[in-house]
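Reader: I'd like to learn how to read aromatic rings in a structure. Could you walk me through some?

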Amino acid sequence: MVRRFRALLGLLAALSAVGVQAEVSHSGYFKNQTAGSRSLVNGDPYLSNLTRLRLKPRYREGDWTIEAAYDLELLTGNFLDSPEFALLKGAPDPRYWTLQDEFYESGDLVARHQLYRGTVQWRSPMGDFRLGRQQVNWSTALIWNPMDILNPVSPLQLEPDERVGVDALLWDQPWGALGRISAVHAPQHEDEDGSTAARVKRYVAGVDAGLMLGEFADGDEDAAGLSGSGSLRGTGWRTELLWSQPAQGDSYWQAVADVNWSFRSGINLAVEYFYNGQPVPLQALDLSRLVASEPLYAGRHYTGVLVWQDINPFWQYRVVAIRNADDASWVLYPRSSWTLPVTEEVYLMAGAQIFGGDDDSEYGRLEMLGLFELQWYF
């Protein structure tokens, strides 16, 4: 694993010495995140502390671009002794290449590193080709994203902007001035388990419309999706509709409808309805969420509200509220961030996940979680 990263850094260094036309840049951040809650298995309180250093070198020359994001992480706290952490360690990694590893582990510390992103891109007359670990996001909605099959993310994810990524080859080609055509293949170690999909996107009559077709979930599920977004008299709207046919079992639908507004006060408001045609049995849901590679839901009908605002250049907040309409359970997820008045780009963030409902409901059975972050960009 270490040799792979050294080879990558050596390649970037060698390329940076080629010609005066080359563009070399780098960025990154340092983050410390602390989260506290109780185990869903034994009820014991736990504290988890994640320290991450992310380095993002970038090299560009002519039609070629190489980008990477390398993470070095330290994980501490008594969360390492929890049943949840034991499940996370045993969960399979959905990515094709082994570009992540734990190089030290004890009862008090886990040290690991990974290539969070790493791509080679070629801009050709036939379109853009991008190979490597990347994010392929074809969704449009704000809280739930059923069409984001290759890079799924849960609305309750502690880091909303972090996605596992997929090892794939992506082709992307403009379709006139108002459209794009994309195709992606994400291999697996067995040829029949790979994912292959294509999307056509076009702006037509004030609507940004998209059509997606593909084979996903280790080659065992065919899927087709429609998406659209636009605005009408100051009200924005977004929608996604996904049909899936597993190799075993009946076909099912997932759908999202969203309306959103931006007010002069700076407040942004979005209201979403989510229909989930494949509920997961509640008894198997709580811990399955930890090890599954896609979001799981116990109900069929959900409503959500997302509010966010930049109160001033130094203070922003974001609040997500979700209600399971089938069992009346709910979750409130507020996050507030502050920019420190220093010359460096440093942020503080505090948040919480507050759950309510009956003890045998989807969200009522979960434990409150507190979250604090310090992040420095460079």
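Predicted model: local features only at pLDDT ≥ 70, side-chain atom pairs only at ≥ 80, totals over all residues.

Reader: Which residue does Trp-376 form an aromatic pair with, and how are the planes arranged?

Author: Rings pair if their centres lie within 6.5 Å, and planes over 60 degrees apart count as edge-to-face, under 30 as stacked and the rest as tilted. The partner of Trp-376 is Phe-378, at 5.3 Å centre to centre with 55 degrees between the planes, a tilted pair. Phe-378 is partly exposed too, at 37% relative accessibility.

Reader: How many aromatic pairs does the whole structure have?

Author: A search finds 13. One of them joins Phe-274 and Tyr-297 edge-to-face, 5.2 Å between centres and 70 degrees between planes. This pair links distant parts of the chain, with Phe-274 in strand β14 and Tyr-297 in the loop between α3 and β15. Both Phe-274 and Tyr-297 are buried.

Reader: Which aromatic cluster includes Phe-274 and Tyr-297?

Author: Those two form one cluster together with Trp-144 and Tyr-302.

Reader: Where does the charged end of Arg-54 sit?

Author: A charge can also sit over a ring. The charged end of Arg-54 is over the ring of Tyr-116, 3.7 Å from its centre. Likewise, Arg-202 lies over the face of Trp-175, 4.4 Å from the ring centre.

Note on methods
Residues numbered from 1 in each chain as written. Heavy atoms only, no water. Phe/Tyr/Trp six-rings, centres within 6.5 Å; stacked < 30°, edge-to-face > 60°. Helix = DSSP H or I, 4+ residues; strand = E, 2+ residues; numbered from the N terminus. Buried < 20%, exposed > 50% of the residue type's maximum accessible area, 1.4 Å probe, protein only. Lys NZ or Arg CZ within 6 Å of the ring centre and 35° of its normal.
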